[in-house]
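Hi everyone, thanks for making time. I'd like to walk you through one structure today, a few residues at a time. Have a look at it first, and then we'll start.

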Amino acid sequence: MKRRLSNPDLIPIAIAGAVGVLLCAIDLGTRSLWLDEGSTFAIISQHGAALWRGVAHDGGNMLLYYLVLHFVVAWFGDSTWVMRLPSVIANGLTGALVAAVALRLFPANRRLAAAAGLLTVVSLPLVFWGQNVRGYAWLVTLSVGSFLALIAIVQTPADRSPLRAAVVAYVLTTLAALYIGYDVALLIPAQLALLLIHRERARLVIGCLALTALLCVPLLVLAAERGSGQLFWVTPLSWQVAGQAALALFSAGFAPNFHRTATTAPAVIVMAVAVFAGLALAIRAVRQAGRESDGERSGPLLLILAWVLIPTVLTLVAYAGGEPIELSRVTILELPALALLVAWLLLRPQVMPALGTAAVAVLLALRLLQVIPSYGVSSEPWSTVTAYVLKATPARGTTCVAFYAQDGREAFDYYLLHTTRLRQDPWPNLRPVLPSLQWGSIRPYVERYGTLDGAQQARIAAQCPRLWVISSHSGQSGGTHQSLVNLQRFDTLEQTLARRYPHNSVRTFGWASQIHVRLYWR
């Protein structure tokens, strides 16, 4: 059974990797930073103890990503494209690794490997995260790397020891993935399920996972200290949430960040048919191989089925049980497995090569029609908001500005400093009051929902004839209890400010999480 990759096998790997990089490199610095990217910028801009406090406040989430990006910014600067470049590289590596996984599972079928890699990277959710200053692109990359290393371990003949490099790679990729996002833990039960047919490797794999768990103790401590309360913004399960997750799962959209196109519905239908047909045929093939005791044929399909089904079931059960899980983000961990499944369905030996290739081309075309309109589109245009506020602020007199939630200050800081980087006081006539940290200093304000009490409001009204209140992610009326509390706190702030200032006007920017810019004046 072929297990080592030959030189021709590198062709589909290179194609998938190159396309993954190319798709994410287009218009890389055009889209505005959004709220979470602003938080990343603020955290990685810290040093020493302040950097650790910023990471710890996020419960250890993306810990490794923040630390690595801290050094990237220190060495190469904090321009938008520099901060996003690691995610671009990750998306290319994901495509290459998926193609390598396909070649491990289906040796010598290079068309299938190329198709699996391309179906993975030609995906609106992965292109979006591949153009983000967030760790999700690397989370997918490392999860695929973990599966590739595990496959190399279990495919080693029983009379031989697995390569040390494969064992080390399995531990390191799994560990690194967990230090970027806890959600990758949903994939571990799928990996353990493979030991039912590879029992000779059970002791080794379980030992690797035990070591990984031990090395994750510091991460678990941070998560326990932070608690799940930080995920108050995750909305309860609903048909809308499920629909958005389905769009992401089928790579037919990424709501609410991007609007649907004329081809969104066809993309959903075609991909859904392919996925469910693939599941049905794969299950039937596994059952038939089981009756014939043909582990060689059933092994690859069992891995793909476990990768697709087990995390999906665990996610839905956890979500239904009240565990806060952002479905549209977790689904990206399933995209490589679905790409492998669909590629197998269309390019397995029983399908005419021309027909299968044409079907893959149709799928890729439908996916590209979702990706292309997304370039440069900013659903949370903080760059535009910053420019608008600066332009509308008079050169004379004092104008104050408050942010609710205070997270918005992070993205505003980024564009303010890049607009006036050479000035010690970037905008002397614009005075921050919530938070009150002076311009030029960067500090994380992740999920801070502070407000102004009566004395503070009276002092601001006396000193500031004009007051900007910039709000986004202020809370949801149909969200969790904490989200509702945050929204009520903001409503109270707006009502009391309206009594102190006789005039006010508001402009709204974006749509995914709208940014409201309200000006109070007298």
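Okay, let's begin with a pair of residues: Asp36 and Arg329 are both buried. Before I go on, please keep in mind that this is a predicted model.

So what do Asp36 and Arg329 form with each other? They form a salt bridge, and their closest N and O atoms are 3.5 Å apart. Asp36 sits in helix H2 while Arg329 sits in helix H16, residues 327-330, so this pair ties together parts of the chain that are 293 residues apart in sequence.

Now move along to Glu37. Glu37 makes a salt bridge with Arg84, with 3.0 Å between the closest N and O atoms. Glu37 is in helix H2 and Arg84 is in helix H5, so here the parts being tied together are 47 residues apart in sequence. Are these two buried or exposed? Glu37 has a relative accessible area of 0%, so it's buried. Arg84 is also at 0%, and it counts as buried too.

How many salt bridges does a search of the whole structure find? The search finds five. I'll show you one more of them. The side chains of Asp9 and Arg110 meet in a salt bridge, 2.9 Å from N to O. Asp9 is in the segment before helix H1 (10-25), and Arg110 is in helix H6, so the pair links parts that are 101 residues apart in sequence. Asp9 has a relative accessible area of 1%, so it's buried. Arg110, on the other hand, is at 33%, which means it counts as partly exposed.

Let's go back to helix H2 and ask what it packs against. Two packed helices are described by the angle between their axes and the distance between the axes. For H2 (residues 35-44) and H4 (residues 63-76), the axes come within 9 Å and cross at roughly 70°. An angle from 65 to 115 degrees counts as roughly perpendicular, so that's what we call H2 and H4. And which residues meet there? From H2 we have Thr40, Ile43 and Ile44, and from H4 they meet Tyr65, Tyr66, Leu69, His70 and Val73.

Next stop, Thr386. You'll find Thr386 in helix H19, residues 382-392. Its relative accessibility is 1%, so Thr386 counts as buried. Leaving out residues up to four places away in sequence, Thr386 touches Phe412, Tyr415 and Leu416.

Now for the surface. There's a nonpolar patch of about 410 Å², made by Leu211, Leu214, Leu215, Val217 and Val221. The elements giving two or more residues to this patch are helix H11 (202-215) and helix H12 (217-226). H11 supplies the largest share, with three residues. Val217 belongs to H12, and at 40% relative accessibility Val217 counts as partly exposed.

Last one, and it's a loop. Pro107 lies between helix H5 (80-105) and helix H6 (110-121). At 31% relative accessibility, Pro107 is partly exposed.

Terms used. Residues numbered from 1 in each chain as written. Predicted model: local features only at pLDDT ≥ 70, side-chain atom pairs only at ≥ 80, totals over all residues. Heavy atoms only, no water. Patch = residues over 30% accessible without salt bridge, like charges linked within 9 Å, V, L, I, M, F, W, Y side chains within 5 Å. Areas by Shrake-Rupley, 256 points an atom, 1.4 Å probe, with all protein chains shown as cover. Salt bridge = Lys/Arg side-chain N within 4 Å of Asp/Glu carboxyl O. Helix = DSSP H or I, 4+ residues; strand = E, 2+ residues; numbered from the N terminus. Buried < 20%, exposed > 50% of the residue type's maximum accessible area, 1.4 Å probe, protein only. Axes fitted to C-alpha atoms, helices over the stretch in contact; angles between N-to-C directions. Parallel < 35°, antiparallel > 145°, perpendicular 65-115°, else oblique. Contact = heavy atoms within 4.5 Å.
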